[in-house]
Amino acid sequence: MNPLFTSFRLGDLELTNRLVMAPLTRGRAGDQCIPNGLMAEYYRQRASAGLLISEATHISPQGRGWVGAPGIHNAEQVEGWLRVTEAVHADGGRIFLQLWHMGRASHPDLQEGGVLPVAPSAIAIPDDHIRTQNGKQPYPVPRALDREEIPGVVEQYAAATVRARQAGFDGVEIHGANGYLIDQFLRESSNQRTDDYGGAIENRARFLLEVTAAVIGAWRPERVGLRISPTSGYNGQSDSNPEALFTHVAERLNPFGLAYLHVLEGLPGHFLAMPGPRVTPAIRKAFQGPLMVNGGYDAELGARAIEHGDTDLVSFGIPFLANPDLVERYCTGAPLNPPDANTFYSAGREGYIDYPTLEEANTHSR
């Protein structure tokens, strides 16, 4: 039997299969960043995944940096997310919330009071622009966090975890990837601090480990996952020795007993692949808990990775975006809907909840 379709024990949760829907920013939450009925339907449609991971969700007003992305820092947002989790659970699904602080990947237009976004160091993202409600803007030079401020930012993650529990989620995933705040602390290109949060690998990993401890303290280890992207260049990120950095991170995470470690690293030939050796195999050896991989897998490659012991779970992003019944399509070998990149971040139902299932496609073809 294809191992993708076998059950998996994730902490104290039993997953019906090993296909995970990766977190996918879609920008449908409106100006108030409140999850809505459209989003509830989107996630409900995909509840056949063994686990859904929500789109990245900012943990505080300070953590915001994407127009239309949802939040989890006030009562209205908790209530909106509750509609989503109830819809998923009604269809037998499991869903984790991804906790997001964007750090320097933001702009004063998206910050309360028009203040500068914060980061480990006052280094701007080298990309050309960020999209705000006022149109495209150049990335600003962020404000470096004072040493005394860091515990307060860690507490934002813990408080958001409490609200995720109130919103009915089955767990949370800490977003430590893709050049956002945690990744900014981890990597040399964005962290040039000279205190105990900068310099040596042990120091640059400190913020991530403190956040992990705080989130676990607000729930329990088996309901907490973590995502990293060891070689991604997104948001201007780089490091001189990603294998040393991320194997250190993996080893330091072992005592926590996390639900899983989620590694985003493109396979050779995938658009996310970076030059140089892949780090995921070394992370697999270093991390003792369940591993989830992402970055160019399909049904065949995912099954092979599990069979060879390279991973325990496989997450799929764009395939799930365009195929709400991806599990059935992979199981039966049916063709996939092509994704429409023009509607990835647009408003409304088009390219969001109108991708047909196999049943709908067959009905319309009769």
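Predicted model: local features only at pLDDT ≥ 70, side-chain atom pairs only at ≥ 80, totals over all residues.
Visitor: What makes the radius of gyration of the protein agree with that of a compact globule?

Guide: A compact globule of 366 residues would have a radius of gyration near 21 Å, and the protein has 19 Å, so the two agree. Along the principal axes, the C-alpha atoms fill a box of roughly 65 × 45 × 35 Å. Twelve helices and 14 strands make up the count of elements.

Visitor: How do you know that helix α3 and helix α6 are in contact?

Guide: Contact means heavy atoms within 4.5 Å. On the α3 side the contact is made by I150, V153, V154, Y157, A158, T161, V162 and R165, and on the α6 side by F207, E210, V211, A214, V215 and A218. These residues divide into eleven nonpolar, one polar and two charged. The axes of α3 (residues 150-166) and α6 (residues 206-218) come within 8 Å and cross at roughly 35°.

Visitor: How do you know where empty space is left?

Guide: A probe the size of a water molecule is rolled over the atoms, and this shows the empty space. The largest pocket has a volume of about 870 Å³.

Visitor: What makes a residue part of the lining of the largest pocket?

Guide: A lining residue has an atom within 4 Å of a point of the pocket. For the largest pocket there are 36 such residues, and P23, L24, N178, F271 and L272 are the closest to its centre. Two or more residues each come from β5 (95-100), β14 (313-316) and α10 (318-322). The largest share, three residues, is that of α10. By class, the lining has 19 nonpolar, 14 polar and three charged residues.

Visitor: Which residues lie nearest the centre of the second largest pocket?

Guide: W66, H129, I130, R131 and Y139 do, out of 16 lining residues. This pocket has a volume of about 370 Å³.

Notes. Residues numbered from 1 in each chain as written. Heavy atoms only, no water. Axes fitted to C-alpha atoms, helices over the stretch in contact; angles between N-to-C directions. Helix = DSSP H or I, 4+ residues; strand = E, 2+ residues; numbered from the N terminus. Nonpolar A, V, L, I, M, F, W, Y, C, P; charged D, E, K, R; others polar. 1 Å grid on protein atoms, 1.4 Å probe; cavity = no way out; pocket = protein on both sides within 12 Å on 5 of 7 lines; lining within 4 Å. Points joined across faces, edges and corners; volume = space filled by probe spheres on them. Rg over C-alpha atoms; globule rule 2.2 N^0.38 Å.
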